[in-house]
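Please keep the sequence and the structure in view while reading.

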Amino acid sequence: MPRSNARKQKVRSTAVLISVVSLLATTACTQSSAPADSGTPAPSGKPAASEPANSGPVTFKVLYDYNVDPQGLNLQENEYNKFIKEKTGVEIKLDSPGSAGYDDKLNVLMASGSYPDAFAQGKREIILKYAKDDLLTDLTPYINDTAKYPNIKKYMPADAWLPVTDGGKVWAFPYNRPDGLSQVVYINKDWLKNLNLQIPKTIDEFYTVMKAFTENDPDQNGKKDTFGLLASNTLGNGGRMFQAAFDAETYKIRDGQVLPPEISSEYKDYLKFLNKLVSEKIMDPEFPTFSGAIFQQKLKTLKYGAFSSFWHYPSGLEVPKDVMDHYVAVNLPLHKDGSASKFSYPNLNRHYIAIPKTTKNIDKFMKMLDWAVSPEGMKFSFLGVPGFNYKEDNGKIEVLKQLAPIHWSFSLVRSGQLTDDILKYIGVVYPKEAVDNLVMAKNIGQVDNLQASLPYYPDLANFNLGKIVDEFTIKSILGNTDIDKSWDDYVKRWRSAGGDQVIKFWTDWYNKEGKNTVKQ
């Protein structure tokens, strides 16, 4: 299913088999001064009584998928943890087994009863599995208690909770990214000027411009060595701009059923369009070999006219600035009916923080998360510690010390708000052109709330529906199958391989409870 990084989070990514490996060499979690109260929500639906007013700081052991260089900083004794402790009375004790095999190691702990106080997990299906196993705390009573936790409901987008909501209960706290609507379309402005072309707006206009970029020597070197479109092997960069334009990205209710885009007529039209681009050498036919790193290497050659990718490319951090200086961000191609198209994302959550039922003093931990999504907490999340990382004078922010990579690990959650203040904080690191692109990305992006809400379905892991889609997608685009003649067989194969069961499961859920929460 060709998508961007969001593609990895699609519902079909529930094809995750959680295997148990040898017990992780770590002891059960402890809290330095946690009161005896379990902090489990009381039967009334209200959070249990909080800790005594004179209680001291509380340490929470948090298992985290930490994969950056700590640069000599201790995972517990550092300025960031000290600041959080001063502000909230909570000390975070990060425990990271590393990214390799993280899911397996977490599963060992959960299976053995050696629960951390909280843990990070990027896969919603694993969160929901633990919830069904009755291992997690329902956060709904805390979220709804706006007297104790005034910031959570105020600043967290309602759709952020959808992926980890089941049966009306919320099973984890999202790290909701302000830059989660992440992609824009780039086009070579020098080539437009050289060929006296205007910025394209419709699918047909994009086709005409990209064809000219391929055939009319746009770089004026006297050779036919250019392509109109650059796409990655997943089509998440490049191809995805047309998946959005053909309205082939979102889940829909059709004929009373919940259907994924990959068996829709819109997806078929999208594949036929990309096949046309490949057959006419407008799109590089070697795209199936263009992984992320190779995609960026290809971009550096300046032999490609258009592509879609992340808003922050003009920063020079991933792609040299002198390369990106040739490109300008533009809007997506319009839908065929002339309406605006949008990139669709299953959710904007980087990861989730879940709390086992055995954790003590949950009230204190939730107060810390409530602070984290407040304006002050979000400022810390982006800028670090005042007086240490930055100073502010009359609204002007001056960096004193660059944030260490370890810092983001203490930003356990984020609110997802892209306010003027957040844009200003981002502008401390990124140039204005990149920040402007981020605003554009927000305007041309949307969350697919139906997809985000789809319930956990364990059997989906056994169906390999994603493999069926991916194989047909690549074969179709490369011209190794006749799309019109093979389409019905492809859909039949997808449905018979478990797709019909999935559709029934989703549809039953939607009719029972989904239609009351999902906006269509």
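Which residues in α9 meet which residues in α17? In this predicted model, Y267, L271, L274, N275 and V278 of α9 are in contact with V469, F472, T473, S476, I477 and L478 of α17. By class, this contact has eight nonpolar and three polar residues, with no charged ones. Helix α9 covers residues 265-279 and helix α17 covers residues 465-478, and the two pack at an angle of about 40° with their axes 7 Å apart; α9 and α17 are therefore oblique to each other.

Helix α12 (residues 362-372) has 10 of its 11 residues buried, so it is largely enclosed by the rest of the structure.

Turning to the backbone, most residues other than glycine have a negative phi. N196, in the loop between α6 (189-194) and α7 (203-215), has a positive phi although it is not a glycine, and Q220, in the loop between α7 and β8 (227-229), likewise has a positive phi without being a glycine.

| Residue | Phi | Relative accessibility |
|---|---|---|
| N196 | about 55° | 67%, exposed |
| Q220 | about 55° | 55%, exposed |

As for confidence, the protein chain averages a pLDDT of 88, and 88% of the residues score at least 70. Over residues 1-44, however, pLDDT stays under 50, and the model has 134 contacts beyond four places in sequence for this stretch. Over residues 49-54 pLDDT also stays under 50, with nine such contacts beyond four places in sequence.

Technical notes. Residues are numbered from 1 along each chain as its sequence is written. This is a predicted model: local features need pLDDT of at least 70, side-chain atom pairs count only at pLDDT 80 or more; totals for chains, interfaces and linings use all residues. Side-chain values use heavy atoms; hydrogens and water are left out. Axes are lines fitted to C-alpha atoms, for helices over the stretch in contact, and angles run from 0 to 180 degrees between N-to-C directions. Helices (H or I, at least four residues) and strands (E, at least two) are DSSP runs, numbered from the N terminus. Angles under 35 degrees count as roughly parallel, over 145 as roughly antiparallel, 65 to 115 as roughly perpendicular and the rest as oblique. Contact means heavy atoms within 4.5 Å. Ala, Val, Leu, Ile, Met, Phe, Trp, Tyr, Cys and Pro count as nonpolar, Asp, Glu, Lys and Arg as charged, and the others, Gly among them, as polar. pLDDT is the predictor's confidence in each residue, from 0 to 100. Buried means under 20% relative accessible area, exposed over 50%, partly exposed in between (1.4 Å probe, protein chains only).
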